[in-house]
Amino acid sequence: PEDTVAALADFEFYTEFGEAFQYSNQMVATAGYIAGQVAEGDNGDLAGDYARALQSRVLDPIGMISTTLSFDQVQSEGGYA
């Protein structure tokens, strides 16, 4: 996450603001990291704050209690697709 946010320092837009629609994975990801920090109290851990906010605010409320962003957790628990 830190590398994604840092890469925005050199991000180049290809048109002037409002001239065309431009989608950027970096911008969307950074917005998610910011939202995670705001929701979790900015613990200085972009990935962790994002994962905790996603789990508590999205996944748990809709019943996706086994969903995780951790490959290690998935592999250790088995039963994955």
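Predicted model: local features only at pLDDT ≥ 70, side-chain atom pairs only at ≥ 80, totals over all residues.
**Entry 1**

Residues are numbered from 1 along each chain as its sequence is written, and side-chain values use heavy atoms, with hydrogens and water left out.

I then searched the whole structure for aromatic pairs and got two. Rings of Phe, Tyr and Trp (its six-membered ring) pair if their centres lie within 6.5 Å; planes under 30 degrees apart are stacked, over 60 edge-to-face, and the rest tilted. F11 and F13 make an edge-to-face pair, because their ring centres are 5.0 Å apart and their planes stand at 75 degrees. F13 counts as exposed, at 53% relative accessibility.

**Entry 2: the Y33 and Y50 rings**

I turned to Y33 and Y50, which also form an edge-to-face pair. Their centres are 5.7 Å apart, with 75 degrees between the planes. Where do the two residues lie? Y33 is in helix α2 and Y50 in helix α3 (residues 46–59), so the pair ties together parts that are 17 residues apart in sequence. For helices I used DSSP runs (H or I, at least four residues; strands are E, at least two), numbered from the N terminus. Is Y33 buried or exposed? Y33 is buried, with a relative accessible area of 15%. Y50 is partly exposed, at 29%.

**Entry 3: helix α3**

I checked the span of α3. The helix has 14 residues and reaches 18 Å from its first C-alpha to its last. That is close to the 20 Å expected at 1.5 Å a residue; the expected span is 1.5 Å times one less than the number of residues. I listed the buried residues of α3 as L46, G48, D49, A53 and L59. They pack against α1 and α2. Contact here means heavy atoms within 4.5 Å.

**Entry 4: salt bridges**

How many salt bridges does a search of the whole structure find? I got two. The rule is a side-chain nitrogen of Lys or Arg within 4 Å of a carboxyl oxygen of Asp or Glu. E40 bridges to R52, with the closest N and O atoms 3.9 Å apart. E40 lies in helix α2 and R52 in helix α3, so this pair ties together parts 12 residues apart in sequence. E40 is partly exposed at 24%, and R52 is partly exposed at 36%.

R52 also meets D49 in a salt bridge, at 2.7 Å from N to O. The two are three residues apart in helix α3, so about one helical turn separates them. D49 is buried, at 0% relative accessibility. Shared partners join E40, D49 and R52 into one network.

**Entry 5: T30**

I looked up T30 last, in helix α2. T30 is buried, with a relative accessible area of 10%. Leaving aside neighbours within four places in sequence, I found T30 in contact with T4, V5 and L8.

Conventions. Buried < 20%, exposed > 50% of the residue type's maximum accessible area, 1.4 Å probe, protein only.
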